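Consider the sequence and the model shown here.

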Amino acid sequence: PAGGSGALSIARARPAAGGLTSVADMEHDEHEGLDEASLREHEEVTKIKNFGAVELGRHVMDTWYFSPYPKEFYPGGFADVLYVDEVTLRFYRTRRELARAAASCRRRAPPGDEIYRDTALAMFEVDGREHREYCQNLCYFAKLFLDHKTLYFDVDPFLFYVLCEHDGRGHHPVGYYSKEKYSEVGYNLACILAFPPFQRKGYGRFLIAFSYALSRREGRVGAPEKPLSDLGHIAYRAYWAAALLACLRALPPDQVSTTVMDLSKRTSIMADDVAATLQYLGVARHVDGVPVVWCPPATLDELIRKHPVKPPFVVDEALHWEPFHTDVKRDKFSIRAKRPTSPAAP
(Lines give C-alpha, C1' and ligand atoms only; values in the text may rest on other atoms or scores of the structure.)
Protein backbone atom coordinates (compact mmCIF):
# COMPACT_ATOMS: atom_id res chain seq x y z
CA PRO A 1 0.00 0.00 0.00
CA ALA A 2 1.07 3.55 -0.57
CA GLY A 3 0.87 4.34 3.13
CA GLY A 4 0.81 2.46 6.40
CA SER A 5 3.29 1.16 8.90
CA GLY A 6 6.14 -0.86 7.47
CA ALA A 7 6.16 -4.65 7.44
CA LEU A 8 8.97 -6.90 6.29
CA SER A 9 7.51 -10.16 5.02
CA ILE A 10 9.29 -13.46 5.60
CA ALA A 11 8.84 -16.56 3.45
CA ARG A 12 10.64 -19.73 2.43
CA ALA A 13 11.20 -20.66 -1.22
CA ARG A 14 10.87 -24.19 -2.59
CA PRO A 15 11.45 -25.52 -6.13
CA ALA A 16 8.50 -26.02 -8.49
CA ALA A 17 8.00 -27.42 -11.92
CA GLY A 18 8.72 -25.53 -15.12
CA GLY A 19 11.75 -23.62 -13.90
CA LEU A 20 9.62 -21.56 -11.52
CA THR A 21 10.30 -21.00 -7.83
CA SER A 22 7.35 -21.52 -5.51
CA VAL A 23 7.16 -19.66 -2.19
CA ALA A 24 5.27 -21.34 0.60
CA ASP A 25 2.90 -19.53 2.93
CA MET A 26 4.31 -18.81 6.41
CA GLU A 27 3.34 -16.97 9.58
CA HIS A 28 4.20 -13.30 9.46
CA ASP A 29 2.70 -9.98 10.50
CA GLU A 30 0.56 -9.05 13.51
CA HIS A 31 -2.62 -6.95 13.60
CA GLU A 32 -0.84 -4.17 15.45
CA GLY A 33 -2.60 -0.83 15.85
CA LEU A 34 -6.19 -2.04 15.21
CA ASP A 35 -8.88 -1.64 17.84
CA GLU A 36 -11.37 -4.47 18.42
CA ALA A 37 -14.01 -3.19 16.00
CA SER A 38 -11.45 -2.48 13.28
CA LEU A 39 -9.90 -5.90 13.79
CA ARG A 40 -13.27 -7.62 13.31
CA GLU A 41 -13.89 -5.61 10.16
CA HIS A 42 -10.39 -6.39 8.89
CA GLU A 43 -10.73 -10.12 9.54
CA GLU A 44 -14.10 -10.20 7.78
CA VAL A 45 -12.56 -8.73 4.64
CA THR A 46 -9.31 -10.71 4.65
CA LYS A 47 -10.29 -14.08 6.13
CA ILE A 48 -10.83 -15.52 2.65
CA LYS A 49 -8.01 -14.97 0.17
CA ASN A 50 -9.14 -14.24 -3.36
CA PHE A 51 -6.04 -15.80 -4.97
CA GLY A 52 -4.21 -18.94 -3.98
CA ALA A 53 -0.96 -17.85 -5.59
CA VAL A 54 0.54 -15.16 -7.79
CA GLU A 55 3.11 -15.64 -10.53
CA LEU A 56 5.69 -12.88 -11.04
CA GLY A 57 8.54 -13.47 -13.47
CA ARG A 58 10.12 -16.85 -12.65
CA HIS A 59 8.46 -17.10 -9.23
CA VAL A 60 5.15 -18.44 -7.95
CA MET A 61 4.19 -17.18 -4.49
CA ASP A 62 1.45 -18.36 -2.15
CA THR A 63 -0.56 -15.29 -1.20
CA TRP A 64 -1.11 -14.28 2.41
CA TYR A 65 -4.00 -11.81 2.31
CA PHE A 66 -6.94 -10.58 0.31
CA SER A 67 -6.18 -7.84 -2.23
CA PRO A 68 -8.98 -5.85 -3.91
CA TYR A 69 -8.13 -6.65 -7.52
CA PRO A 70 -11.08 -6.24 -9.92
CA LYS A 71 -13.61 -9.02 -9.28
CA GLU A 72 -13.54 -10.27 -12.86
CA PHE A 73 -10.07 -11.67 -12.13
CA TYR A 74 -11.44 -14.00 -9.44
CA PRO A 75 -14.94 -15.00 -10.57
CA GLY A 76 -16.84 -16.80 -7.87
CA GLY A 77 -14.66 -15.20 -5.21
CA PHE A 78 -11.46 -17.17 -5.77
CA ALA A 79 -8.86 -17.96 -8.44
CA ASP A 80 -5.98 -20.38 -8.14
CA VAL A 81 -3.34 -18.13 -9.72
CA LEU A 82 -3.00 -14.50 -10.77
CA TYR A 83 -0.37 -13.76 -13.43
CA VAL A 84 1.52 -10.47 -13.05
CA ASP A 85 3.92 -8.94 -15.57
CA GLU A 86 7.17 -8.15 -13.74
CA VAL A 87 7.83 -5.07 -15.92
CA THR A 88 4.46 -3.31 -15.94
CA LEU A 89 2.85 -5.12 -12.96
CA ARG A 90 -0.30 -5.48 -15.05
CA PHE A 91 -2.27 -8.59 -14.14
CA TYR A 92 -3.87 -11.36 -16.19
CA ARG A 93 -6.07 -14.38 -15.70
CA THR A 94 -3.97 -16.80 -17.74
CA ARG A 95 -0.28 -17.32 -18.47
CA ARG A 96 -1.08 -17.14 -22.18
CA GLU A 97 -2.51 -13.63 -21.81
CA LEU A 98 0.56 -12.63 -19.81
CA ALA A 99 2.96 -14.03 -22.43
CA ARG A 100 1.13 -12.22 -25.24
CA ALA A 101 1.28 -8.91 -23.39
CA ALA A 102 4.93 -9.37 -22.40
CA ALA A 103 5.90 -10.10 -26.01
CA SER A 104 4.50 -6.75 -27.12
CA CYS A 105 6.33 -4.78 -24.41
CA ARG A 106 9.87 -3.71 -25.25
CA ARG A 107 10.56 -2.08 -21.91
CA ARG A 108 12.63 -4.20 -19.53
CA ALA A 109 12.61 -1.95 -16.47
CA PRO A 110 10.14 -0.14 -14.21
CA PRO A 111 9.04 3.36 -15.24
CA GLY A 112 10.49 6.44 -13.60
CA ASP A 113 14.12 7.39 -13.04
CA GLU A 114 16.93 4.94 -12.36
CA ILE A 115 18.69 6.64 -9.45
CA TYR A 116 20.97 3.84 -8.30
CA ARG A 117 22.92 1.03 -9.92
CA ASP A 118 25.69 -1.18 -8.62
CA THR A 119 26.98 -4.49 -9.96
CA ALA A 120 23.84 -6.41 -8.94
CA LEU A 121 21.07 -4.00 -7.93
CA ALA A 122 19.26 -0.99 -9.35
CA MET A 123 16.73 1.37 -7.78
CA PHE A 124 14.00 3.25 -9.62
CA GLU A 125 12.19 6.31 -8.27
CA VAL A 126 8.60 6.24 -9.54
CA ASP A 127 6.32 9.23 -9.05
CA GLY A 128 2.79 8.13 -8.14
CA ARG A 129 1.28 11.02 -10.05
CA GLU A 130 3.29 10.51 -13.24
CA HIS A 131 2.98 6.72 -13.29
CA ARG A 132 -0.35 6.19 -11.55
CA GLU A 133 -1.28 2.83 -13.11
CA TYR A 134 2.07 1.23 -12.29
CA CYS A 135 1.99 2.44 -8.67
CA GLN A 136 -1.59 1.31 -8.16
CA ASN A 137 -0.68 -2.10 -9.57
CA LEU A 138 2.26 -2.21 -7.16
CA CYS A 139 -0.13 -1.51 -4.28
CA TYR A 140 -2.48 -4.28 -5.43
CA PHE A 141 0.44 -6.72 -5.57
CA ALA A 142 1.88 -5.65 -2.21
CA LYS A 143 -1.49 -6.04 -0.50
CA LEU A 144 -1.31 -9.79 -1.19
CA PHE A 145 1.53 -9.91 1.39
CA LEU A 146 0.87 -6.99 3.73
CA ASP A 147 -1.64 -7.11 6.56
CA HIS A 148 -2.97 -3.57 6.28
CA LYS A 149 -6.56 -2.55 6.77
CA THR A 150 -6.62 -0.02 3.93
CA LEU A 151 -5.31 0.01 0.40
CA TYR A 152 -4.55 3.53 -0.80
CA PHE A 153 -5.69 4.13 -4.35
CA ASP A 154 -4.56 7.76 -4.23
CA VAL A 155 -0.90 7.25 -5.07
CA ASP A 156 -0.31 10.82 -6.26
CA PRO A 157 1.21 12.09 -2.95
CA PHE A 158 3.75 9.26 -2.85
CA LEU A 159 7.09 8.32 -4.37
CA PHE A 160 7.81 4.64 -4.86
CA TYR A 161 11.33 3.22 -4.79
CA VAL A 162 11.44 -0.10 -6.66
CA LEU A 163 14.49 -2.29 -6.06
CA CYS A 164 15.51 -4.58 -8.91
CA GLU A 165 18.10 -7.21 -9.63
CA HIS A 166 19.51 -6.62 -13.11
CA ASP A 167 21.02 -9.02 -15.61
CA GLY A 168 21.21 -9.52 -19.37
CA ARG A 169 17.44 -10.10 -19.54
CA GLY A 170 16.51 -6.83 -17.89
CA HIS A 171 15.42 -5.65 -14.44
CA HIS A 172 13.54 -7.92 -12.03
CA PRO A 173 11.72 -6.28 -9.07
CA VAL A 174 12.57 -7.75 -5.67
CA GLY A 175 10.98 -5.23 -3.31
CA TYR A 176 10.01 -1.63 -2.80
CA TYR A 177 9.26 1.09 -0.33
CA SER A 178 7.09 4.18 -0.58
CA LYS A 179 7.24 7.57 1.06
CA GLU A 180 5.24 10.76 1.05
CA LYS A 181 6.65 13.50 -1.15
CA TYR A 182 6.52 15.74 1.89
CA SER A 183 5.83 14.47 5.39
CA GLU A 184 4.71 16.86 8.11
CA VAL A 185 6.22 14.56 10.74
CA GLY A 186 9.49 13.70 9.02
CA TYR A 187 8.73 10.19 7.79
CA ASN A 188 11.18 8.95 5.16
CA LEU A 189 9.36 5.66 4.60
CA ALA A 190 5.66 4.78 4.59
CA CYS A 191 5.43 1.16 3.49
CA ILE A 192 8.11 -1.46 2.79
CA LEU A 193 8.03 -4.96 1.34
CA ALA A 194 10.73 -7.39 0.27
CA PHE A 195 8.98 -9.77 -2.13
CA PRO A 196 8.74 -13.30 -0.68
CA PRO A 197 11.06 -15.09 -3.18
CA PHE A 198 13.85 -12.68 -2.27
CA GLN A 199 13.76 -13.01 1.50
CA ARG A 200 16.92 -13.73 3.49
CA LYS A 201 19.03 -11.87 0.95
CA GLY A 202 19.24 -8.64 2.94
CA TYR A 203 16.97 -6.65 0.62
CA GLY A 204 14.70 -5.44 3.40
CA ARG A 205 17.73 -4.07 5.23
CA PHE A 206 18.98 -2.55 1.96
CA LEU A 207 15.68 -0.73 1.46
CA ILE A 208 15.87 0.70 4.99
CA ALA A 209 19.49 1.79 4.45
CA PHE A 210 18.53 3.36 1.12
CA SER A 211 15.79 5.46 2.73
CA TYR A 212 18.39 6.91 5.11
CA ALA A 213 20.90 7.39 2.29
CA LEU A 214 18.35 9.66 0.60
CA SER A 215 17.73 11.48 3.89
CA ARG A 216 21.47 12.11 4.25
CA ARG A 217 21.61 13.39 0.70
CA GLU A 218 18.69 15.71 1.55
CA GLY A 219 20.42 16.91 4.70
CA ARG A 220 17.44 15.84 6.82
CA VAL A 221 16.69 13.40 9.61
CA GLY A 222 13.98 10.85 9.02
CA ALA A 223 12.06 7.91 10.46
CA PRO A 224 9.68 5.21 9.27
CA GLU A 225 5.97 5.77 9.61
CA LYS A 226 4.77 4.70 13.05
CA PRO A 227 3.63 2.45 14.56
CA LEU A 228 5.92 -0.23 13.19
CA SER A 229 4.82 -3.84 12.97
CA ASP A 230 6.64 -6.30 15.22
CA LEU A 231 8.83 -7.47 12.35
CA GLY A 232 9.37 -3.92 11.17
CA HIS A 233 10.53 -2.87 14.63
CA ILE A 234 13.02 -5.74 14.78
CA ALA A 235 14.40 -4.88 11.34
CA TYR A 236 14.74 -1.18 12.10
CA ARG A 237 16.31 -1.72 15.50
CA ALA A 238 18.93 -3.96 13.85
CA TYR A 239 19.68 -1.27 11.26
CA TRP A 240 19.79 1.56 13.81
CA ALA A 241 22.10 -0.40 16.11
CA ALA A 242 24.57 -1.28 13.34
CA ALA A 243 24.53 2.23 11.85
CA LEU A 244 25.08 3.99 15.19
CA LEU A 245 27.88 1.65 16.26
CA ALA A 246 29.60 2.13 12.90
CA CYS A 247 29.24 5.89 13.39
CA LEU A 248 30.83 5.73 16.84
CA ARG A 249 33.69 3.66 15.44
CA ALA A 250 34.23 6.25 12.66
CA LEU A 251 34.57 9.21 15.03
CA PRO A 252 38.00 10.91 14.84
CA PRO A 253 40.47 9.57 17.42
CA ASP A 254 40.83 13.01 18.98
CA GLN A 255 37.07 13.44 19.47
CA VAL A 256 36.41 12.59 23.11
CA SER A 257 32.72 13.46 23.24
CA THR A 258 29.59 13.27 21.13
CA THR A 259 25.88 13.91 21.53
CA VAL A 260 22.64 12.25 20.54
CA MET A 261 22.04 15.19 18.20
CA ASP A 262 25.48 14.78 16.62
CA LEU A 263 24.84 11.08 16.02
CA SER A 264 21.43 11.99 14.58
CA LYS A 265 23.01 14.45 12.15
CA ARG A 266 25.69 11.99 11.05
CA THR A 267 23.26 9.12 10.43
CA SER A 268 20.02 11.01 9.61
CA ILE A 269 18.29 8.84 12.23
CA MET A 270 15.82 10.86 14.32
CA ALA A 271 17.10 11.76 17.79
CA ASP A 272 14.32 9.80 19.54
CA ASP A 273 15.29 6.66 17.64
CA VAL A 274 18.98 7.29 18.38
CA ALA A 275 18.29 7.63 22.10
CA ALA A 276 16.08 4.53 22.22
CA THR A 277 18.66 2.47 20.33
CA LEU A 278 21.52 3.57 22.60
CA GLN A 279 19.36 2.54 25.55
CA TYR A 280 18.73 -0.85 23.90
CA LEU A 281 22.49 -1.30 23.36
CA GLY A 282 23.14 -0.53 27.01
CA VAL A 283 25.47 2.41 26.36
CA ALA A 284 23.14 5.21 27.52
CA ARG A 285 23.82 6.72 30.93
CA HIS A 286 22.57 9.72 32.88
CA VAL A 287 25.09 11.82 34.77
CA ASP A 288 23.62 14.60 36.90
CA GLY A 289 20.45 14.34 34.82
CA VAL A 290 22.32 14.74 31.53
CA PRO A 291 22.16 11.84 28.98
CA VAL A 292 25.61 10.56 28.02
CA VAL A 293 26.97 7.82 25.76
CA TRP A 294 29.26 5.49 27.68
CA CYS A 295 30.97 3.11 25.26
CA PRO A 296 34.62 2.21 26.00
CA PRO A 297 36.59 0.72 23.06
CA ALA A 298 36.30 -2.87 24.30
CA THR A 299 32.53 -2.50 24.70
CA LEU A 300 32.26 -0.94 21.25
CA ASP A 301 34.20 -3.81 19.68
CA GLU A 302 31.97 -6.40 21.33
CA LEU A 303 28.77 -4.60 20.29
CA ILE A 304 29.95 -4.28 16.68
CA ARG A 305 30.54 -8.04 16.61
CA LYS A 306 26.96 -8.55 17.79
CA HIS A 307 25.45 -5.90 15.49
CA PRO A 308 27.52 -5.78 12.29
CA VAL A 309 26.64 -3.81 9.17
CA LYS A 310 25.66 -6.55 6.72
CA PRO A 311 25.59 -6.66 2.91
CA PRO A 312 24.23 -5.76 0.47
CA PHE A 313 25.56 -2.25 1.07
CA VAL A 314 24.28 1.00 -0.39
CA VAL A 315 27.23 2.39 -2.38
CA ASP A 316 27.12 6.18 -2.21
CA GLU A 317 29.00 6.51 -5.51
CA ALA A 318 26.29 4.47 -7.25
CA LEU A 319 23.53 6.87 -6.11
CA HIS A 320 22.75 9.52 -8.71
CA TRP A 321 20.00 11.61 -7.18
CA GLU A 322 19.49 15.25 -6.28
CA PRO A 323 16.96 16.18 -3.60
CA PHE A 324 14.35 18.87 -3.74
CA HIS A 325 15.27 21.36 -1.02
CA THR A 326 12.52 23.08 0.89
CA ASP A 327 12.88 26.23 2.98
CA VAL A 328 15.35 25.22 5.71
CA LYS A 329 13.87 27.67 8.22
CA ARG A 330 10.46 26.05 7.83
CA ASP A 331 11.75 22.46 7.61
CA LYS A 332 12.16 21.36 11.22
CA PHE A 333 13.74 18.10 10.09
CA SER A 334 16.58 19.77 8.20
CA ILE A 335 19.96 19.05 9.75
CA ARG A 336 21.04 22.58 8.92
CA ALA A 337 18.24 23.87 11.12
CA LYS A 338 19.29 21.84 14.16
CA ARG A 339 20.87 23.51 17.17
CA PRO A 340 23.73 21.82 19.02
CA THR A 341 23.12 20.14 22.37
CA SER A 342 25.38 19.48 25.34
CA PRO A 343 28.17 16.95 24.71
CA ALA A 344 28.27 13.39 25.99
CA ALA A 345 31.26 11.21 26.59
CA PRO A 346 31.86 8.35 24.10
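What follows treats a sheet, the helices on it and a separate helix pair.

This is a predicted model, in which local features need pLDDT of at least 70, side-chain atom pairs count only at pLDDT 80 or more, and totals for chains, interfaces and linings use all residues. Residues are numbered from 1 along each chain as its sequence is written, and side-chain values use heavy atoms, with hydrogens and water left out.

Helices (H or I, at least four residues) and strands (E, at least two) are DSSP runs numbered from the N terminus. An open sheet is formed by 5 strands in the order E7-E8-E9-E10-E12, with antiparallel pairing; two strands pair if DSSP finds at least two bridges between them. Strands E7 (113-117) and E12 (191-194) are at the edges with a single partner strand each, so one side of each has no neighbour in the sheet. On average, neighbouring strands are turned by 25° against each other, direction ignored. Strand E10 (residues 170-180) runs antiparallel to E12 and is joined to E12 by 4 bridges. Tyr 177 stands opposite Ile 192 in E12.

Helix H4 (residues 203-218) packs on the sheet, touching E7, E8, E9, E10 and E12, and its direction makes about 55° with that of E10. Contact means heavy atoms within 4.5 Å. Axes are lines fitted to C-alpha atoms, for helices over the stretch in contact, and angles run from 0 to 180 degrees between N-to-C directions. Helix H3 (residues 132-143) lies across E8, E9, E10 and E12, at about 80° to E9.

The axes of helices H5 (residues 230-249) and H6 (residues 260-267) come within 10 Å and cross at roughly 105°.
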